Amino acid sequence: MIAISEAHQDNGADWYEEGAGRQLAFHLSLVTYGRCVYWVNEEKLILEKGDLLLIPGHVPYYGKSIPTVVHTKYVVNFHKLAEECALPLLRLEEPFKQKLGCFEVVQERLRGILTQYKERPAYYELMAEALLTETLIFLNQEKDRGVISSEKHRRVESMKQYIATHYRERVTKEELGDVISTTPNYAATLFKAVTNQTISEYVHNQRMKTAVYMLTESQLMISEIADYLGYNDVSYFYRIFKRSTGRSPSDFLHERSSTV
């Protein structure tokens with residue numbers, strides 16, 4: 001259905017890029033830090049953390065860093081292998097820009113695409129294209145649900161902030177309901193609708209990010225890291241880690257000697 005032509009990450013304050021005229025092609029950009037600016041069809045679009053921009057190849061654009069403002073973003077350029085496509089998003093004639101509720105989910109997939117192209121394991125192109133297809137499905141699902149209101153974004157951000165402080169503990173929908181002054185069921189439903197993750201999935205993912213850091217940047221044993229992150233059962237920690245990262249915790253220990 002799709003083929004990736006380029007995937008990279010932009011960092012810093014001196015980025016510039018332009019493109020147009022590529023039929024069946026697309027430019028996908030997700031800002032993960034700071035701000036940058038695109039001119040698309042001579043319209044100025046400022047992107048900040050959480051914003052995604054998808055530009056059809058026939059639409060002229062150029063983008064650049066905002067002076068003195070550092071930003072980071074993931075970029076994937078790809079093209080359809082046929083004119084017809086099952087995803088409505090890839091039939092759009094105009095650019096699609098949206099502040100994502102499912103930001104973390106999309107960010108993880110795009111990071112995975114870059115990892116595939118960096119490490120180039122067997123079948124890496126197929127894996128990267130599968131990750132991109134999954135990303136586009138998430139984006140289409142969110143687009144179908146409509147623009148998320150700023151109030152819903154605010155409430156979900158409040159819940160995320162609470163999780164960021166308590167993710168090593170058991171986080172319940174009752175606690176998050178108290179955080180945003182609503183019922184537990186509404187808090188859970190809102191969180192899932194906006195982020196495309198359940199509360200439990202989001203908590204596990206936050207723990208796994210810390211686990212990856214500790215596996216490479218500390219001298220703690222795997223069992224100690226699991227216990228620190230709230231997993232009394234090490235085998236359960238292994239299963240969650242493998243499901244989240246696609247790798248075993250032991251794989252990261254081989255990287256420890258060069259970083260610690």
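Predicted model: local features only at pLDDT ≥ 70, side-chain atom pairs only at ≥ 80, totals over all residues.

Trainee: Which helix does Arg-243 lie in?

Mentor: Helix α8. Arg-243 and Met-208 are 35 residues apart in sequence, yet their C-alpha atoms are 10.0 Å apart in space.

Trainee: And α6 against α8, at what angle do they pack?

Mentor: About 95°, with the axes 10 Å apart. Angles of 65 to 115 degrees count as roughly perpendicular, so α6 (residues 199-217) and α8 (residues 234-245) are roughly perpendicular to each other.

Trainee: Which residues make the contact?

Mentor: From α6, they are His-204, Asn-205, Met-208, Ala-211, Val-212 and Leu-215. From α8, they are Tyr-236, Phe-237, Ile-240, Phe-241, Ser-244 and Thr-245.

Trainee: How many of the residues in that contact are nonpolar, polar or charged?

Mentor: Eight are nonpolar, four are polar and none is charged.

Trainee: What about Met-221, where is that?

Mentor: In the loop between α6 and α7 (222-228). Met-221 is exposed, at 54% relative accessibility. Its C-alpha is 9.9 Å from that of Ser-250, which is 29 residues away along the chain.

Trainee: Switching to strands. How many residues of β6 are buried?

Mentor: Six of six, across residues 51-56. Both faces are covered. Asp-51, Leu-53 and Ile-55 are on one side, and Leu-52, Leu-54 and Pro-56 are on the other.

Trainee: Which strands does β6 pair with?

Mentor: β3 (residues 25-33) is joined to β6 by five bridges, antiparallel. There, Leu-28 has Leu-54 as its bridge partner. β6 is also joined to β9 (residues 96-99), by four bridges and again antiparallel. In that pairing, Leu-53 has Lys-97 as its partner.

Trainee: What holds strands together in general?

Mentor: Strands of a sheet pair through backbone hydrogen bonds, either parallel or antiparallel.

Trainee: Now the core. Which residues touch the most other members of the largest nonpolar one?

Mentor: Phe-78 and Leu-136, in a core of 31 residues. The elements giving two or more residues to this core are β1 (2-12), β3, β6, β8 (71-80), α1 (103-119) and α2 (124-145).

Trainee: What does Leu-136 touch?

Mentor: Ile-2, Leu-28, Phe-78, Leu-87, Leu-89 and Leu-90. That leaves out residues up to four places away in sequence.

Trainee: Take me across the pairings. What joins β2 to β7?

Mentor: Four bridges, in the antiparallel sense. Glu-17 stands opposite Gly-63 in β7. Next, β4 is joined to β7 by five bridges, and Cys-36 has Ser-65 as its bridge partner in β7. Then β4 is joined to β5 by six bridges, with Trp-39 opposite Lys-44 in β5.

Trainee: How many residues sit between β4 and β5 in their hairpin?

Mentor: Two. Asn-41 in the turn has a positive phi of about 50°, although Asn-41 is not a glycine. Asn-41 is partly exposed, at 40% relative accessible area.

Trainee: And Tyr-123, what is its phi?

Mentor: Positive, about 65°, and Tyr-123 is not a glycine. Tyr-123 is found in the loop between α1 and α2. With a relative accessible area of 67%, Tyr-123 is exposed.

Notes. Residues numbered from 1 in each chain as written. Heavy atoms only, no water. Buried < 20%, exposed > 50% of the residue type's maximum accessible area, 1.4 Å probe, protein only. Pairing = 2+ DSSP bridges. Core = buried A, V, L, I, M, F, W, Y, C linked by side-chain atoms within 4.5 Å. Contact = heavy atoms within 4.5 Å. Axes fitted to C-alpha atoms, helices over the stretch in contact; angles between N-to-C directions. Parallel < 35°, antiparallel > 145°, perpendicular 65-115°, else oblique. Nonpolar A, V, L, I, M, F, W, Y, C, P; charged D, E, K, R; others polar.
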